[in-house]
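Thanks for taking a look at this one with me. Have the sequence and the structure open as you read, and take the points in order.

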Amino acid sequence: MAMASSLYNQKKNAILFLHSTLRNFKPIRIPMLIATPAHQLHSSGHTASVSELRTLCKQGRLNEVLQFLRLMDRQGFSQDSFTYSPILQCCVNRKALAEGKLVHAHILQTGFEPEVYLGTKLVIMYAKCASLVDGNRALAEMTERNVVSWTAMIAAYSTNGYGEEALGAFCDMRRSGIQPDQFTFASVLQACKGVECGMQVHGGILRCGFRCDVFVGNALLDMYAKCGSLEDARQVFDNMRERDVVSWTAMVGACVRHGHVQEALRLFYGMEGAGVQPNEFTFASVLPAFGELGELEGGKEIHKEIVRSGFQSNVILGNALVDMFVKCGSLEDAHDVFENLPERNVVSWNVMVGGYAQNGHVVEALELFRRMPERNVVSWTAMIVAYAQDGCCQEALKVFYEMILTGVLPDQFTFSRALLACASLETMEYE
């Protein structure tokens, strides 16, 4: 009896939510394409109406989709998974949480009992919209769940930084008797914050027979590298029967992050012998190695290869190139790359301003600083460093106070540079 009462209240609340939400939608003129008179809609039949609705979904016209759904309701058409699925997919594509909740409420209002496919679609919709509480509730309401349902929820937890919840959902999945697939393991590995946890999942991967799966191998490699175990990451890499560009890029990046820059370069050049072409992420991963080693000529060759590959318009790669040239001491090359970037973000500006500052070019740094469309704490700190290193301590402190007045909060490094400027100024006064 209590369960029946709970179900009644749930559906009642859903209906109230549906009606209140629909009132917020402004009336939209439905195109002539979609049956204007009511009798024309009725005569066209349910199949034709669903076909028209799916066309609207593919075009991303979500408000019109919901208007059309109401029109179908008024004509007495009952809905099923074939109707709801494309609407939910449209909500996923647009990350339209409010509209997705509206469709969920409509499903409950009509009394339609979603089978596992549609229930999974609801979980995916909430997961993609980062509404984890709603996603977990939708998963719990499913009378039957499959590996896709569980994996969608686990991935949502992992992606949004809820590692413990992801691992908990994985354990619940195993207890329910559902066998994980390669996508499940990849999502769980993303949730592992320590080597011990990762090794336990690694054991499960071996027991489930995914040792040779390149997708799982890449996730394992990335997990070990992020957990600080470069040795285990390299062992996974060496034991992979098949390696793709993601595998090579992950290993190169791991070596760079752990300070093994020579090994990173050996791996990068080894890709060509293995017949694997680097992509923009590979180039962005290896460029810091050239900067750390001061390998200007090698960096220039990589720059040419980037241009030949057509990646020169990539802003992340452009920033990495500017940073590499700055660290190699070639400010002219860094400036050329910076000025030719088709798009610049705050990182682009900070790298170039910081490069001038570190090399004692205060005038050039200030000129760029004044041109910046937006500034963050890194931008201001770079100018403080530029002035302080040039012995212009009063100017450094003026920049510090100007930063405070603009509402940008200093970090620990900013304070340390400002204090050094104060100390230098005091020393000069005593002299």
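Predicted model: local features only at pLDDT ≥ 70, side-chain atom pairs only at ≥ 80, totals over all residues.

1. Let's begin with charged pairs. A search of the whole structure finds 15 salt bridges. In one of them, the side chains of Asp-238 and Arg-234 meet at 3.0 Å, N to O. Both residues lie in helix 13 (residues 230–239), four residues apart. Asp-238 is partly exposed at 41% relative accessibility, and Arg-234 is partly exposed at 25%.

2. Next, find helix 15 (residues 261–273), which holds both Glu-263 and Arg-266, about one turn of the helix apart. These two form a salt bridge with their closest N and O atoms 2.9 Å apart. Glu-263 is buried at 19% relative accessible area, whereas Arg-266 is exposed at 53%. Now go back to the pair in point 1: Arg-234, Asp-238, Glu-263 and Arg-266 are linked in a network of salt bridges.

3. Another salt bridge joins Arg-370 and Glu-402, with 3.5 Å between the closest N and O atoms. Arg-370 belongs to helix 21 (residues 362–371) and Glu-402 to helix 23 (residues 393–405), so the pair ties together parts 32 residues apart in sequence.

4. Asp-134 sits in helix 7 (residues 132–141) and is buried, with a relative accessible area of 15%. Its side chain makes a polar contact with the side chain of Lys-101 (3.3 Å).

5. Finally, how do helix 16 (residues 280–293) and helix 18 (residues 315–327) cross? Their axes come within 8 Å and cross at roughly 10 degrees, which makes helix 16 roughly parallel to helix 18. By class, their contact has eight nonpolar, one polar and three charged residues.

How values were computed: Residues numbered from 1 in each chain as written. Heavy atoms only, no water. Axes fitted to C-alpha atoms, helices over the stretch in contact; angles between N-to-C directions. Helix = DSSP H or I, 4+ residues; strand = E, 2+ residues; numbered from the N terminus. Parallel < 35°, antiparallel > 145°, perpendicular 65-115°, else oblique. Nonpolar A, V, L, I, M, F, W, Y, C, P; charged D, E, K, R; others polar. Buried < 20%, exposed > 50% of the residue type's maximum accessible area, 1.4 Å probe, protein only. Polar contact = N/O pair within 3.5 Å; in protein donor to acceptor, adjacent residues only side chain to side chain. Salt bridge = Lys/Arg side-chain N within 4 Å of Asp/Glu carboxyl O.
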